[in-house]
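Good morning, everyone. Please look at the screen, and I will take you through one chain from its overall form down to single side chains.

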Amino acid sequence: MATKKVTVTIPEDLLEEVRDEAGDQGLSAYVSEALRLRRDRDRLRELVDWLEEEHGPLTEDELAAGRAEMDELHAEHERRRRAREARAGEAA
């Protein structure tokens with residue numbers, strides 16, 4: 001993949017935190033991933049805006065159903081995480 005060097009200005013305190021967070025992957029990789037995530041979020045926002053124009057905003061019932069589904073997904077993720085940790089503990 002082609003890359004290009006650019007200059008950006010970042011507040012010093014944020015830069016220090018980000019360098020710590022970046023660790024072995026390096027600052028450039030960390031910043032590139034952050035930009036990708038932001039770009040993806042912006043594209044999702046555009047999609048939501050378009051869908052709302054086409055179909056209207058979500059109702060409270062639809063929002064509640066979506067939140068309930070997300071809660072179920074988070075709970076399942078937590079169950080799987082705990083199961084992995086338990087298996088790792090048994091193996092040790």
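Let me start with a term. Accessible areas here come from the Shrake-Rupley method with a 1.4 Å probe, and for residues only the protein chains shown count as cover. With that in hand, the accessible surface of this chain is about 8,800 Å². Carbon and sulfur atoms hold 53% of that surface.

Now, where do the numbers come from? This is a predicted model, where local features need pLDDT of at least 70 and side-chain atom pairs count only at pLDDT 80 or more, while totals for chains, interfaces and linings use all residues. Residues are numbered from 1 along each chain as its sequence is written, and side-chain values use heavy atoms, with hydrogens and water left out.

Next, the overall form. Helices (DSSP runs of H or I, at least four residues) and strands (runs of E, at least two) are numbered from the N terminus. The chain has three helices and zero strands. Read from the N terminus, its elements run α-α-α. Is the chain a compact globule or more spread out? Its radius of gyration is 20 Å, well over the 12 Å that the globule rule gives for 92 residues, so the chain is more spread out than a compact globule. That radius is taken over C-alpha atoms, and the globule rule is 2.2 Å times the number of residues to the power 0.38. The C-alpha atoms fill a box of roughly 50 × 45 × 30 Å along the principal axes.

How much of the chain is buried? Buried means under 20% relative accessible area, exposed means over 50%, and partly exposed is in between, with a 1.4 Å probe and protein chains only. Of the 92 residues, 2% count as buried.

Two pairs of residues give us distances across the model. Leu63 lies in helix H3. Leu63 is partly exposed, at 27% relative accessible area. Leu58 sits in the loop between H2 and H3. Leu58 counts as exposed because its relative accessibility is 52%. Leu58 and His77 are 19 residues apart along the chain, and their C-alpha atoms are separated by 26 Å.

On to charges. Lys and Arg count as positive, Asp and Glu as negative, and His and the chain ends are not counted. Each charge is placed at NZ of Lys, CZ of Arg, CG of Asp or CD of Glu. The chain carries 16 positive and 25 negative charges, and their mean positions are 6 Å apart.

Some charges pair up. A salt bridge is a side-chain nitrogen of Lys or Arg within 4 Å of a carboxyl oxygen of Asp or Glu. By this rule there are eight salt bridges.

Look at helix H2, residues 27–55. Arg38 and Asp42 form a salt bridge there, at 3.1 Å from N to O. They are four residues apart, so about one helical turn separates them. Arg38 is partly exposed at 45%, and Asp42 is partly exposed at 34%.

Now helix H3, residues 60–91. Which residues does Glu76 bridge to? One is Arg79, at 2.7 Å from N to O. Glu76 and Arg79 are three residues apart, about one turn of the helix. Arg80 also forms a salt bridge with Glu76, with the closest N and O atoms 2.8 Å apart. Arg80 and Glu76 are four residues apart in H3, so about one helical turn lies between them.

Last, the surface patches. Patches are made of residues with over 30% relative accessible area and no salt bridge; like charges are joined within 9 Å, and nonpolar side chains (Val, Leu, Ile, Met, Phe, Trp, Tyr) within 5 Å. Glu12, Asp13, Glu16, Glu17, Asp20 and Glu21 gather in a negative patch. Of these, take Asp13, in helix H1, residues 12–22. Asp13 counts as exposed because its relative accessibility is 52%.

The other patch is nonpolar: Val6, Val8, Ile10 and Leu14, with about 340 Å² of accessible area together. Val6 lies in the segment before H1. At 60% relative accessible area, Val6 is exposed.
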